[in-house]
Amino acid sequence: MLLYTDVKKAIYQNVFAFPFCCGFGEANSERYEICMNGLETVCRLAQSLECPVQRDMPMAAYTSFRTGGPADVLLEPRKEEQLALLLRCCHEQGIQPVVLGNGSNVLVADAGLRGVVLRLAPGLDFLGEQGGVITCGAGVSLNRLCRFALEKGLTGLEFAFGIPGSAGGAAFMNAGAYGGEMKDVLVECTHLTQVGMPGSLRGEGLALGYRRSAYRENGCLITSLTLRLARGNPDAIRGKMEELIGRRKAKQPLEFPSAGSTFKRPEGYFAGALIEECGLKGRAVGGAQVSEKHAGFVINRGNATSADILALIRLVQDTVYQEKGVRLEPEVRLLGF
Ligand SMILES: Cc1cc2nc3c(=O)[nH]c(=O)nc-3n(C[C@H](O)[C@H](O)[C@H](O)COP(=O)(O)OP(=O)(O)OC[C@H]3O[C@@H](n4cnc5c(N)ncnc54)[C@H](O)[C@@H]3O)c2cc1C
């Protein structure tokens with residue numbers, strides 16, 4: 001009889017190059033044992049810290065695409081101190097964890113994620129305000145953050161209402177919509193390095209640009225954000241938030257799982273318009289489809305695999321390049337491929 005552990009061992013050794021664990025690319029039993037022992041060490045530490053540990057957890061439950069295979073170990077630290085200790089332990093065990101916020105801009109492979117996933121939302125969820133400056137944990141949802149700003153009569157974050165990410169994910173991506181972006185309001189981020197050391201970046205150091213930040217390069221985990229907002233009229237703020245939600249509902253296929261706009265806006269064009277002009281609206285691969293409502297969104301019609309979604313993304317990229325000469329770059333982050 002083939003045991004589950006044997007199957008898993010075979011998968012580790014032969015199918016995947018185990019991208020999250022240093023030096024595990026080559027297949028041999030010794031490395032496998034070292035790595036599995038490393039995972040156990042991290043899990044034991046998490047348990048002793050009372051940090052929830054989930055094994056073989058399907059990532060479909062944690063991504064807005066509702067696809068993705070199991071993570072070996074999913075940890076949801078609630079406090080920065082827990083996170084720092086877990087990061088250090090992962091580092092010592094040669095494990096490079098995958099970081100997840102609210103999972104609204106990622107596509108996780110059907111084979112899942114090897115090693116450790118650190119899910120920062122909904123933990124790290126403190127919120128405070130003083131003199132128009134809001135400080136929040138990276139795990140706070142953007143919608144909660146926007147409502148908090150409204151409560152305090154602060155304007156500047158209305159653009160973010162309806163973006164289904166965490167504050168940390170929004171800083172990482174420099175999320176933006178309707179003429180606003182995190183860059184307009186973000187003053188500082190605190191973070192932990194991959195070895196669990198605290199640090200921070202502010203102003204120019206955050207290197208915020210179109211859907212990018214310094215955190216895409218430096219591998220640190222954002223733990224908190226400081227945002228500077230202006231005093232505003234609560235009725236006007238609420239009105240703007242309601243207006244923008246209305247526009248989202250009218251234009252976006254919110255009734256289907258997706259990761260929002262699948263592609264970045266190519267300079268001088270709109271991805272959705274290019275895709276539509278190429279006759280790709282409604283085009284499907286398996287359960288994945290270019291939305292009929294908004295061609296910039298690839299949606300999961302209910303039974304899509306991540307492989308379907310990725311195949312459709314590639315098909316759209318190739319067709320648009322052939323017909324329009326424009327290379328579309330995915331905005332969605334691919335994990336485990
Ligand atoms: C219906 C819908 C509408 C959307 N509309 C918009 C929109 O208008 N504008 C827009 O910009 N985006 C939009 N998005 C995309 C998405 O919501 C944003 O990019 C959001 O900021 C991602 O946050 P998250 O917490 O879900 O990040 P995740 O998807 O969990 O992660 C995204 C990336 O950020 C990294 N990351 C997350 N948290 C941290 C952290 N604390 N520290 C370090 N790295 C981290 C992850 O490793 C990953 O690489 C939309 C998505 C959906 C489903």
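Reader: Which residue of E16 is the bridge partner of Ala284?

Author: The model is a predicted one. E15 and E16, the latter covering residues 288–290, run antiparallel and are joined by 2 bridges. In E16, the partner of Ala284 is Gln289.

Reader: In what order do the 3 strands of that open sheet stand?

Author: Strand E15 (284–285) and strand E17 (298–300) each have a single partner strand and stand at the edges, so one side of each is left without a neighbour in the sheet. The pairing is antiparallel, and the order is E15-E16-E17.

Reader: At about what angle to E16 does helix H9 run?

Author: Helix H9 comprises residues 306–324. This helix lies across E15, E16 and E17, and its angle to E16 is about 30 degrees.

Reader: Where do the buried residues of H7 lie around the axis of the helix?

Author: Helix H7 spans residues 234–251, and its 18 residues reach 26 Å from the first C-alpha to the last, close to the 26 Å expected. Ile237, Met241 and Leu244 are buried in H7. Seen down the axis, the buried residues of H7 fall within an arc of 65 degrees, so they line one face of the helix. The other side of H7 has exposed residues, including Asp235, Glu242 and Lys249.

Reader: Against which helix and which strand do the buried residues of H7 pack?

Author: The residues concerned are buried ones, among them Met241. Their packing partners are helix H4 (142–151) and strand E8 (154–155).

Reader: Why are the buried residues of H4 placed on the same side of that helix?

Author: In H4, Leu142, Leu145, Cys146, Ala149 and Leu150 are buried. They are on the same side of H4 because they cover an arc around the axis of only 140 degrees.

Reader: Against which elements do the buried residues of H4 pack?

Author: H4 is followed by Gly153, which has a positive phi near 70 degrees. The packing of H7 includes H4. For the buried residues of H4, the elements are strand E7 (133–137), E8, helix H5 (167–173) and H7.

Reader: Which strands stand at the edges of the open sheet of 4 strands?

Author: This sheet has mixed pairing and the order E1-E2-E5-E3. The twist averages 35 degrees from one strand to the next. Each edge strand has a single partner strand, so one side of each is left without a neighbour in the sheet; the edge strands are E1 (53–58) and E3.

Reader: Which element supplies the largest share of the shell around the ligand?

Author: There are 33 residues around the ligand, and Gly101, Gly165, Gly168, Gly169 and Gly260 come nearest. Strand E3 (98–100), H5, strand E9 (176–177) and strand E13 (221–228) each supply at least two residues of the shell. The largest share is 5 residues, and the element that supplies it is H5.

Key
Residues numbered from 1 in each chain as written. Predicted model: local features only at pLDDT ≥ 70, side-chain atom pairs only at ≥ 80, totals over all residues. Expected span 1.5 Å × (residues − 1). Buried ≥ 20, exposed ≤ 12 C-beta atoms within 10 Å, placed from the backbone. Arc of directions from axis to C-beta. Contact = placed C-beta atoms within 7 Å. Pairing = 2+ DSSP bridges. Axes fitted to C-alpha atoms, helices over the stretch in contact; angles between N-to-C directions. Near = placed C-beta within 6 Å.
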